[in-house]
Amino acid sequence: MKDMDIAEVSRRTGVPASTLRYYEEKGLVASIGRRGQRRLFDPAVLDRLALIALGRAGGFTLDEISSMLTPDGLPKMDRGRLDAKANELDQIIQRLRAIRDALRHAAICPAARPMECPTFRRAVRLAGAGRFEVAPLAPFRAEAVSVTRRKRETGDVRLE
C-alpha cells in the first residue's frame, strides 16, 4: 500500500483531519512528509489509529495512550495497567446493568407508579446517595403482589 495523504487517512478511519493534526502534535502519530500542503502518512498509521480508538473507547486518556506507544509504532503496554482498566470497566458495567435492571423493573412493575414500588425507590435512593456503583442487594424483579393490593390488604399506606 502506498503512502496516504491526510484526507485519505481521514476518509478511511473517520478521524477528522483536525484530530489527526492534533494527534501528530501530541506525538501519537507522525507524518512522513508532505505532498504539496498535505501531510503524508505511512499505511501503518491505520493500525495505530485503530489502537488509539480502542484505548479511547476503553477510557484511557490520550496521555495514557501516548505512554503506551513507542516512536517506532509498536505498542509497549503495561499489562498491570490494562488489567486495572479492565477492572474499572467491570465496575462501570456492573453499575450500568443495575441501572438498566432498575429501569426495566419500573417499566413492568405492577405498582401504579414507579415511585410507589419499594424496589424502584431503593434504586432511586442508591443513585441519589451516589452508591449505585454497588449492585443492589437482590436482582430487580417485579413484586409478586402489587403495592396497591398490599396496601388494601394491610391498610399500610407507607411505601416501605
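**Exercise 1. The second largest pocket**

*Solution.* The model is predicted: local features need pLDDT of at least 70 and side-chain atom pairs count only at pLDDT 80 or more, while totals for chains, interfaces and linings use all residues. Residues are numbered from 1 along each chain as its sequence is written, and side-chain values use heavy atoms, with hydrogens and water left out.

Step 1. On a 1 Å grid over the protein atoms alone, a pocket is an open set of points where a 1.4 Å probe fits, with protein on both sides within 12 Å along at least five of seven lines; lining residues have an atom within 4 Å of a point. Its volume is the space filled by probe spheres set on the points, which are joined across faces, edges and corners.

Step 2. List the lining. The second largest pocket has a volume of about 160 Å³, and its lining consists of L51, L54, G55, G58, F60, I65, M68, L69, M77, L82 and L89.

Step 3. Assign the elements. Helices (H or I, at least four residues) and strands (E, at least two) are DSSP runs, numbered from the N terminus. At least two lining residues come from each of α3 (45–57) and α5 (79–108), and α3 gives the largest share, three residues.

**Exercise 2. The order of elements and the sheet**

Determine how the elements follow one another and how the strands are arranged.

*Solution.* Step 1. The protein contains seven helices and three strands. Read from the N terminus, its elements run β-α-α-β-β-α-α-α-α-α.

Step 1. Two strands pair if DSSP finds at least two bridges between them. Strand β1 (residues 4–5) is antiparallel to strand β3 (residues 38–41) over two bridges; M4 has F41 in β3 as its bridge partner. Strand β2 (residues 33–35) is also antiparallel to β3, over three bridges, with R35 opposite R38.

Step 2. The hairpin of β2 and β3 has two residues between the strands, and G36 takes a positive phi near 65° there.

Step 3. Together the strands form an open sheet in the order β1-β3-β2 with antiparallel pairing. Because β1 and β2 stand at the edges with a single partner strand each, one side of each has no neighbour in the sheet.

**Exercise 3. The nonpolar cores**

Identify the residues and elements that build the cores.

*Solution.* Step 1. Buried means under 20% relative accessible area, exposed over 50%, and partly exposed in between (1.4 Å probe, protein chains only). Of the 160 residues of the protein, 29% count as buried.

Step 1. A nonpolar core is a set of buried Ala, Val, Leu, Ile, Met, Phe, Trp, Tyr and Cys residues joined through side-chain atoms within 4.5 Å. The largest has 18 residues, and V9, V45, L49 and I52 have the most contacts inside it. At least two of its residues come from each of α1 (6–13), α2 (17–26), α3 and α4, with the largest share, four residues, from α3.

Step 2. Contact means heavy atoms within 4.5 Å. Beyond four places in sequence, I52 touches Y23, L28, V29, L62, I65 and L69. A second, separate core of five residues includes C109, A111, C117 and F120.
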